Amino acid sequence: MVLKAFFPTCCASADSGLLVGRWVPEQSSAVVLAVVHFPFIPIQVKELLAQVQQASQVGVTVLGTWCHRRQEPEESLGHFLEGLGAIFSHKPWFQLCRERGSKSWSCKATHWQGPTSHAASGEDQVMLIFYDQRKVLLSQLHPPAVLPDRQAGDTTASAGGLAAVFDTVARSEALFQSDRFDEGPVRLSHWQSEGVEASILVELAKWAAGPVCLLLACLLSLVSAASACRVFKLWPLSFIWSKLSTCEQLRHRLEQLTLIFSTRKAKNPAQLMRKANMLVSVLLDVALGLMLLSWLHRKDLIGQLADALIPVADHVAEELQHLLQWLMGAPAGLKMNRALDQVLGRFFLYHIHLWISYIHLMSPFIERILWHVGLSACLGLTVALSILSDIIALLTFHIYCFYVYGARLYCLKIHGLSSLWRLFRGKKWNVLRQRVDSCSYDLDQLFIGTLLFTILVFLLPTTALYYLVFTLLRLLVVTVQGLIHLLVDLINSLPLYSLGLRLCRPYRLAAGVKFRVLEHETGRPLRLLMQINPLPYSRVVHTYRLPTCGCHPKHSWGSLCRKLFFGELIYPWRQRGDKQD
């Protein structure tokens, strides 16, 4: 039988002693965690392992002996190492040895039946696999290992593949922290034995993190309570606030800050990674907002924008007037219904006149409004972009009105024509059963239906042309707002901390391992080196992507074309009847 022994590379030069680790019977493998050095008292070693088992819920035990023949001759340790197999009874019993003055290793696993019955003992072949204990301890295997909580010494729980190795090293952190480098009764060798570096600033930050988070959590709870007041839930305010991108973004940031500064400890590495990603996202957002604010005020761009806003609005209104006058004539040589054309054209021209009057009325306050809007960038670049999206919506409100008028009129005619077309075929729409049923009509109903169908057919080209023009303008505005929302969602959802770990510490996010052969000679154990494969950047983004506001609709091309053909309104926010992906 071939057994696998995972040995930490940091213990390759350790002094002789005992191999401490965990035996995984499902994988027929032993995970070595540390080496206990001579001299030691067996009862103290057992007490230490019992404390580690109670703290980590991992069945840590003595797996065998480790002999590093740097100075000791082979005869001095031979009988002593054989006697340890009787004190620390474990099946199989590993005997790992490194030859003096060479790179040769020897390893064997013996099933002892008793301290004196050597004839009844059997040996198995051992495959020696070296692993970097520090990287395995700090890394997280993807997909994460879903392992049940084990009691001390419990080895019956099933674990698949390398998940048992990563889980054993991660949960045995209590063993690594037990060595305080004070020459205690039990001396261990593991990856921390080379020394632990600490910083005074880091320790002060850890001590101050608790009170600061508690204070910020109280302030955020007060803000949340104020925003949940009944006054803001009245119909006009609740409707407007649910449609403004700025309110949605502020609500989203408030939820993120509440989770970041929560005093509850993260239950697993996934929650800890999510908090870290949110914190880095908020810090980057605020930094970009401050940079934008300083750039706007340093070059006085707010004043220049306020001075250019009125001429731009006049130019847009003039172009819309030219467009409407073109539609009121013979656009592209098409013969329109003159009466309906004149009514629609004058109706829209009157709206443009009202809108320009409103803009000129607000012109003395535009610079002050833009200055206060620029100050909102200190809350983050996403807040400034959301305000920009709302300003675009307000400045193009007349285009939205034109689109709604044209879409409603076009939709009314489409539904009228479809109903009258069913009348000619002897059908009708059953409202109760939501289906088309057969129906018999008399002569008067058929005459009125034919008259109305003819009128709607001849009026449809004029209405469809106005609907087409204003729908294109509306789609242009929605496209600009959609690009802004995409940028906001990118900043909100991009897992920057995870991407930074993948760039600087790729072993922290492990997608698996690969093995490299170190030694393959006849008569000696096969020695392999286990190396961690980092998670690809695409999977990092997919796994740790943060949730966004979720208020923007996601239309497929089929549903979008259907809505445009039947004259249904296209909104940049999600409606109650929209199907969510």
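Which side chains meet in a salt bridge at 2.9 Å, N to O? Select arginine 435 and aspartate 437: their side chains form that salt bridge, with 2.9 Å from N to O. The term stands for a side-chain nitrogen of Lys or Arg within 4 Å of a carboxyl oxygen of Asp or Glu.

Before you click on, a word about what you're looking at. This is a predicted model, where local features need pLDDT of at least 70 and side-chain atom pairs count only at pLDDT 80 or more, while totals for chains, interfaces and linings use all residues. Residues are numbered from 1 along each chain as its sequence is written, and side-chain values use heavy atoms, with hydrogens and water left out.

Now colour those two partners by accessibility. Arginine 435 has 42% relative accessibility and counts as partly exposed, whereas aspartate 437, at 16%, counts as buried. Here's the scale: buried means under 20% relative accessible area, exposed means over 50%, and partly exposed is in between (1.4 Å probe, protein chains only).

By this rule the structure has five salt bridges. For another one, pick arginine 171 and aspartate 167, which meet at 3.2 Å, N to O. Both sit in helix α4 (residues 163-171), four residues apart, or about one turn of the helix. Helices here are DSSP runs (H or I, at least four residues), as are strands (E, at least two), and they're numbered from the N terminus. Aspartate 167 is buried at 15% relative accessibility.

Next, jump to arginine 562 and glutamate 568, a salt bridge at 3.1 Å, N to O. Arginine 562 is partly exposed at 39%, and glutamate 568 is partly exposed at 28%.

Time for some rings. How many aromatic pairs does the structure hold? There are 19. Phenylalanine 348 and tyrosine 466 make one that is tilted, with 5.9 Å centre to centre and 40 degrees between the planes. Phenylalanine 348 lies in helix α11 (residues 338-362) and tyrosine 466 in helix α15 (residues 443-493), so this pair ties together parts that are 118 residues apart in sequence. Phenylalanine 348 is buried at 2% relative accessibility, and tyrosine 466 is buried at 1%.

Why is the pair of phenylalanine 402 and phenylalanine 470 called tilted? Because their ring centres are 5.2 Å apart and their planes are at 50 degrees. The rule is that rings of Phe, Tyr and Trp (its six-membered ring) pair if their centres lie within 6.5 Å; planes under 30 degrees apart count as stacked, over 60 as edge-to-face and the rest as tilted. Phenylalanine 402 is in helix α14 (residues 397-424) and phenylalanine 470 in helix α15, so the pair ties together parts that are 68 residues apart in sequence.

Select Phe347, Phe348, Phe402, Tyr405, Tyr466 and Phe470 together, and you'll see a cluster linked by ring pairs.

Now try arginine 502 with tyrosine 537. The charged end of arginine 502 sits over the ring of tyrosine 537, 4.5 Å from its centre. That label needs NZ of Lys or CZ of Arg within 6 Å of the ring centre and within 35 degrees of the ring normal.

Last stop: asparagine 492 in helix α15. Is asparagine 492 buried or exposed? Asparagine 492 counts as buried, at 0% relative accessibility. Leaving aside neighbours within four places in sequence, its contacts (heavy atoms within 4.5 Å) are Gln249, His252, Arg253, Gln256, Ser281, Thr382 and Leu546.
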